[in-house]
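Here are a few friendly notes to read alongside the model. Please keep the structure open as you go through them.

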Amino acid sequence: MDIASLTAPDLADIESLALAARDGLPPDFRRPAMDVALRVEDFAPDPLLDAMEIEDPFGLTGLYEGIPLIEKSSFDQPHGPDTIWLFRRPILDEWAERGDIALGDLVSHVYVHELAHHFGWSDADISTIDRWWD
């Protein structure tokens, strides 16, 4: 491998890793996960960071935007699809800082964490099943 010719993973690469994580989910989760839009951007938009009171754009690797399944009602008016956002530069920054994890594993972790919010799981719920929280 000629390391001098390597380039950083682009938005499409991160999206491919997230879609591979989705495709690897158990069938009971894969099907509803396919109904959630996936957006990959370099950073979270400034209005989103401002709304979340996050000053450092590297501080947010992913976000679930929507109504969790356990809260959905037939009376809800759609405001767009439920969406998982992944932010490439903060993910790459964390990956480089860690230095001990495959990029695909990190993208999968962030994607599954955000997808868990779609299923209505709290951070505490996620911590009981996600080895990353150990």
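This is a predicted model: local features need pLDDT of at least 70, side-chain atom pairs count only at pLDDT 80 or more; totals for chains, interfaces and linings use all residues.

1. Next, look at the start of helix 1. D10 caps its N-terminal end, with a side-chain oxygen 3.1 Å from the backbone nitrogen of A12.

2. Which residues of helix 1 are buried? They are I14, A18, A21 and R22. These residues cover an arc of only 100° around the axis, which puts them on the same side of helix 1. An α-helix has 3.6 residues a turn, so residues three or four places apart point the same way. The partners of this buried set are helix 2, strand 1 (37–41), strand 3 (83–87), helix 4 (88–98) and helix 5.

3. Now for the aromatic rings: there are 5 aromatic pairs in the structure. One of them joins F29 and F119 edge-to-face, at 5.1 Å centre to centre and 70° between the planes. F29 sits in helix 2 (residues 27–33) and F119 in the loop between helix 5 (103–118) and helix 6 (123–129), so this pair ties together parts 90 residues apart in sequence.

4. F119 also pairs with W121: their ring centres are 5.9 Å apart and their planes at 40°, so this pair is tilted. Together, F29, F119 and W121 form one aromatic cluster. Within it, F119 counts as buried at 12% relative accessibility, while F29, at 30%, counts as partly exposed, and W121, at 27%, counts as partly exposed.

Conventions: Residues are numbered from 1 along each chain as its sequence is written. Side-chain values use heavy atoms; hydrogens and water are left out. Rings of Phe, Tyr and Trp (its six-membered ring) pair if their centres lie within 6.5 Å; planes under 30 degrees apart count as stacked, over 60 as edge-to-face and the rest as tilted. Helices (H or I, at least four residues) and strands (E, at least two) are DSSP runs, numbered from the N terminus. Buried means under 20% relative accessible area, exposed over 50%, partly exposed in between (1.4 Å probe, protein chains only). The arc is that of the directions from the helix axis to the C-beta atoms. Contact means heavy atoms within 4.5 Å. A polar contact is a pair of N or O atoms within 3.5 Å; within protein, one must be able to donate a hydrogen and the other to accept it, and residues adjacent in sequence count only if both atoms are side-chain atoms.
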